[in-house]
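Q: Hi, could you walk me through a couple of spots in this one? Here it is.

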Amino acid sequence: MNAIKRFGSAMIVPVLMFAFFGIVLGFATLFKNPSIMGSIADSGTAWTKVWTVIESGGWTIFNHMEIVFVVGLPISLAKKASGHATLAALMGYLMFNTFINAILTQWPHTFGANFNKGVENVTGLKAIAGIDTLDTNILGAIIISSIVTWIHNRYYSKKLPEMLGIFQGLTFVVTISFFVMLPIALITCIVWPTVQDAISSLQGFIIGSGYVGVWLYHFLERVLIPTGLHHFIYAPVEVGPVVVNDGLKAEWFRHVNDFAKSTKPLKDQFHYGFMLQGNGKVFGAIGIALAMYSTTPKENKKKVAALLIPATLTAVVVGITEPLEFTFLFIAPYLFVIHAILAATMDTIMYGFGLVGNFGGGLIDFFATNWIPLGQNHWMTYLIQIIIGLIFTGIYFVVFRFLILKFDIPLPGRKKEEENVKLYSKNDYKESKGGATTTASTGNEYEDKAIYYLEGLGGADNIKDVTNCATRLRLTVNDPEKVEGNDYFIHNQQAHGLVKSGKNVQVIVGMSVPQVREAFEEILNNK
């Protein structure tokens with residue numbers, strides 16, 4: 001399970017980049033639409049040519065998703081020298097596809113693939129990094145990258161005899177990968193047609209599942225967040241082949257210009273009711289925050305508001321909900337399940353009223369990739385979305401307020417005598433324990449947090465491995481008894497919380513977690 005969680009969090013590294021490129025494509029769609037921009041956006045104008053160039057850059061990640069995942073996964077999966085691991089993974093993937101190309105070229109009739117027709121004209125074939133090969137999409141990229149990273153973790157530090165010293169490290173990993181990729185390429189040529197048939201059947205099943213599939217997808221995507229397994233729900237759908245071959249994000253942006261110009265209902269043009277989970281992040285987060293605020297005693301309302309406002313804005317604007325959700329997850333997990341049920345129900349109802357599109361994040365996604373470029377012809381759909389969303393904001397508020405009061409859930413600030421909600425510094429904590437105070441700040445916020453976390457996690461000798469997802473530092477420790485409790489990590493707002501499950505530990509850092517992880521690993525490497 002730890003390996004699965006680690007792998008799931010590694011997928012977030014490349015996935016996070018899709019938001020920016022999606023925004024670029026959304027604005028390009030807007031500014032190239034003559035019905036919105038007028039004659040300046042007519043075909044052949046300088047304005048249109050400039051935005052066509054910008055739009056081509058927006059397609060970079062979608063046209064090269066396989067390469068992005070190949071080099072992105074080792075950043076988190078490699079236990080040492082991640083830069084060398086990414087290069088090894090890229091080399092392994094290039095060798096894999098080169099072997100496939102050679103096998104299919106030498107025995108075209110045996111495997112039923114003919115490059116002479118052009119890969120763009122044959123289903124199941126694709127040019128990847130200039131190599132005509134099987135279209136194994138990101139599934140193949142993830143498998144190959146994972147295999148090479150495993151080889152790297154096992155053999156990168158292998159000491160060879162002095163006379164073979166030149167082959168140590170990266171070269172040794174690539175050498176082993178060369179001999180591993182050849183049989184894997186052969187096996188792929190044999191079994192991949194069957195895998196493609198299975199994927200096609202899965203696509204048909206999911207699309208045919210209708211509202212049940214839409215509800216189940218959004219429920220699982222939300223309820224699995226505490227485990228870190230939600231990456232395995234949305235990533236294969238949004239950027240993988242589970243629903244359509246190139247992922248729903250690429251499918252949406254590939255046709256968004258046509259959607260913007262057409263007056264046909266969006267649901268008749270784009271039939272997939274997924275990627276709507278952002279509605280729970282926007283409308284649900286507001287209702288939850290209001291319920292938490294309204295149940296706080298008057299004397300603590302200002303302090304709680306100071307905590308809730310930035311956490312709620314983070315959820316609403318960029319779609320990162322963990323700082324808010326984890327506030328009540330630790331204390332009352334059943335509230336999180338109710339949150340997942342309400343969010344999935346809201347998304348399914350919106351889909352029933354015709355809402356489809358790229359609503360996976362916060363308001364930035366809503367405006368840039370949906371409302372602004374498509375608003376002229378589809379404003380009624382978006383108005384209905386907002387109305388349903390605000391109704392659910394009210395439902396969230398009523399349900400959460402009732403449960404908080406009914407069961408007297410001790411959320412931050414609800415105790416009248418609680419003078420401080422989050423205030424203690426590390427020095428205060430150590431003094432309360434009778435220990436020495438901490439050393440002075442390094443002047444770098446990320447390094448300070450890394451040092452603080454490392455001490456709370458039992459020191460460098462207690463760390464087995466470390467990685468991160470969008471907001472959490474994920475670690476495996478040798479002795480969980482050496483890890484401090486949740487209070488240690490939330491003091492002075494050093495972190496948003498701590499999750500422990502055996503030797504698996506997650507420190508909820510926030511959006512700065514990549515920089516904190518780099519500082520953390522730098523400290524470990526210098527120990």
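Q: How many residues of strand β4 are buried?
A: Six of the six residues in β4 (residues 472–477) are buried, so the strand is mostly covered, where buried means under 20% relative accessible area with a 1.4 Å probe, protein chains only. Strands here are DSSP runs of E, at least two residues, and helices are runs of H or I, at least four, numbered from the N terminus. Bear in mind this is a predicted model: local features need pLDDT of at least 70, side-chain atom pairs count only at pLDDT 80 or more, and totals for chains, interfaces and linings use all residues. Residues are numbered from 1 along each chain as its sequence is written, and side-chain values use heavy atoms, leaving out hydrogens and water.

Q: Which residues sit on each side of β4?
A: R472, R474 and T476 are on one side, with L473, L475 and V477 on the other.

Q: And what does β4 pair with?
A: Strand β3 (residues 463–468) pairs with β4 antiparallel over five bridges, and strand β6 (residues 504–508) is also joined antiparallel to β4 by five bridges. Pairing takes at least two DSSP bridges.

Q: Which residues are bridge partners?
A: Among them, N468 partners L473 of β4, and T476 partners N504 in β6.

Q: How many residues lie between β3 and β4?
A: Three, in a hairpin.

Q: Switching topic, what angle do α7 and α8 make?
A: Helix α7 (residues 65–77) and helix α8 (residues 82–106) pack at about 145 degrees, axes 8 Å apart.

Note on methods:
Axes are lines fitted to C-alpha atoms, for helices over the stretch in contact, and angles run from 0 to 180 degrees between N-to-C directions. Buried means under 20% relative accessible area, exposed over 50%, partly exposed in between (1.4 Å probe, protein chains only).
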